[in-house]
Amino acid sequence: MSRLIVVSNRVAPIVEGKPTAGGLAVGVFDALKQTGGVWFGWNGDIVEGATSPDTVQRELRDNITYATVALSRSDYDQYYRGFSNGMLWPVFHYRPDLSRYDRREYAGYCRVNQWLVDRLKPMVQPDDRLWVHDYHLLPFARACRQAGIRNRIGFFLHIPFPVEPVMTTVPPHRELMEAMCAYDLVGFQTDADRRAFVDYVCRRLGGVRRGDHHIEVGGHCIRVGVYPIGIYPDEIQQLSLKHSRSRQITNLKQGLQQRRLMVSVDRLDYSKGMIERFTAFERLLEMTPAHRGQVTFVQIAPPSRSDVEQYRQIRRQLESAAGRINGRWSDLAWTPLRYINKSYDRSMLMSLFRASQVGYVTPLRDGMNLVAKEYVAAQPPEDPGVLVLSEFAGAAEELGDGALLVNPYDADGMAETLDRALTMPLPERLDRYRGMLARLTENNLSRWRDRFLDDLSEAPATAPAAAA
């Protein structure tokens with residue numbers, strides 16, 4: 001039986017129930033937990049110097065072999081901080097104004113992809129399937145083909161994929177897209193992302209559509225699909241009960257004194273729309289005096305990429321906005337906004353979701369956003385809260401009928417929607433919750449994994465070595 005080899009930028013053995021890196025880590029761990037195999041990538045270590053060490057560290061745990069490498073400081077700065085997160089991340093989140101391009105960083109990005117392939121190649125057996133994840137590894141399949149690896153290779157993008165005019169703001173866009181065409185299967189979170197990829201390949205690379213799911217380009221037929229990543233609702237429900245009577249949750253409820261609770265949980269990032277969210281919450285207090293003193297908004301935002309100035313700037317902006325809002329609206333008995341810059345145990349977050357009346361999930365752009373799905377799954381079935389969700393989150397395609405969709409650039413519109421969420425009667429809340437939960441149960445994490453791997457097994461013949 002063929003093994004599954006998962007390749008991702010970051011690899012860290014997961015302790016179930018503890019904080020993780022997000023949807024990628026949870027999804028990858030689940031896939032490997034079911035099938036066994038190898039998880040290959042960077043271990044998070046940075047070695048001072050210009051050359052990354054060649055040693056591959058191996059650890060076997062729960063039927064998963066974690067095969068990891070360290071990066072040199074130079075490779076980390078060029079491949080990870082540089083091209084991946086200084087160029088691709090902002091552009092793929094529709095913020096080319098925040099991107100920067102440096103040819104040396106792009107060269108480092110390509111070099112590290114090739115170096116990773118060279119480290120992985122001795123471990124690959126003829127029947128293995130390779131599943132490559134995310135924007136750090138766009139050219140990985142091309143490097144594999146050039147190294148003589150003929151195995152089936154699938155790629156899944158966890159973040160949005162930009163439309164052609166935005167993608168072309170990446171100077172080496174054509175080379176990157178040609179490299180992506182060396183994969184046998186390319187998967188996206190939403191149909192909009194899939195269409196953007198197909199349109200680019202057909203318009204710029206001469207690709208030809210072959211039915212609903214395939215494109216032929218350069219003599220190679222690629223399967224392209226949509227695989228929205230999911231969760232396990234039953235597991236989330238159980239986690240939400242774990243700390244529901246803990247001292248922290250009990251103290252929170254006592255401190256609220258029957259006030260309504262709104263909750264947001266995001267990694268600290270400009271794509272999450274937290275400044276716009278704070279502004280809309282303040283507009284709610286301005287427009288609807290009845291909510292003053294009656295609602296508390298908790299924003300949890302663990303630090304992220306603190307070695308990048310843009311992220312330090314976001315943190316300062318949020319701290320300033322939170323201080324200004326609280327200075328304007330607080331009284332001796334009420335603090336309207338609690339901004340918390342730290343991480344929490346995942347089960348604690350699920351219990352916090354369960355205790356809240358509104359889930360406030362409004363990214364400016366997001367691939368999926370599993371927080372939205374986790375919020376719904378964590379709700380008490382007899383008295384569920386309301387999900388307020390950005391129309392620019394991938395989750396909106398699945399949850400749009402039950403969530404209250406908002407445009408995060410419209411502060412007044414969001415404020416009006418928050419008022420509706422806070423005052424929604426129980427029968428409507430129950431109807432919306434049940435519809436969303438049914439969809440989450442149907443499209444759970446196993447379905448995401450199985451659909452992708454089944455399609456990879458049925459993808460057209462492996463790309464030739466000349467693919468470039």
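1. Let's start where the domains meet: 22 residues of domain 1 are in contact with 20 residues of domain 2, contact being heavy atoms within 4.5 Å. Domain 1 covers 4-226 and domain 2 covers 233-442, with bounds from an automatic or database domain assignment. Their centres, taken over C-alpha atoms, are 31 Å apart.

2. A quick word on the source. This is a predicted model, where local features need pLDDT of at least 70 and side-chain atom pairs count only at pLDDT 80 or more, while totals for chains, interfaces and linings use all residues. Residues are numbered from 1 along each chain as its sequence is written, and side-chain values use heavy atoms, leaving out hydrogens and water.

3. Now the inside. A nonpolar core here is a set of buried Ala, Val, Leu, Ile, Met, Phe, Trp, Tyr and Cys residues joined through side-chain atoms within 4.5 Å, with buried meaning under 20% relative accessible area (1.4 Å probe, protein chains only). The largest one has 99 residues, and Phe-140, Phe-161 and Phe-197 touch the most other members. Helix H2 (residues 73-92) supplies its largest share, nine residues; helices are DSSP runs (H or I, at least four residues), numbered from the N terminus. Both domain 1 and domain 2 give this core at least three residues each.

4. Have a look at Phe-197. Leaving aside neighbours within four places in sequence, Phe-197 is in contact with Phe-161, Met-177, Met-180, Val-186, Phe-188, Ile-215 and Val-224.

5. There is another core apart from that one, with 56 residues, including Val-11, Phe-353, Tyr-375 and Ala-393.

Technical notes:
Buried means under 20% relative accessible area, exposed over 50%, partly exposed in between (1.4 Å probe, protein chains only). Helices (H or I, at least four residues) and strands (E, at least two) are DSSP runs, numbered from the N terminus.
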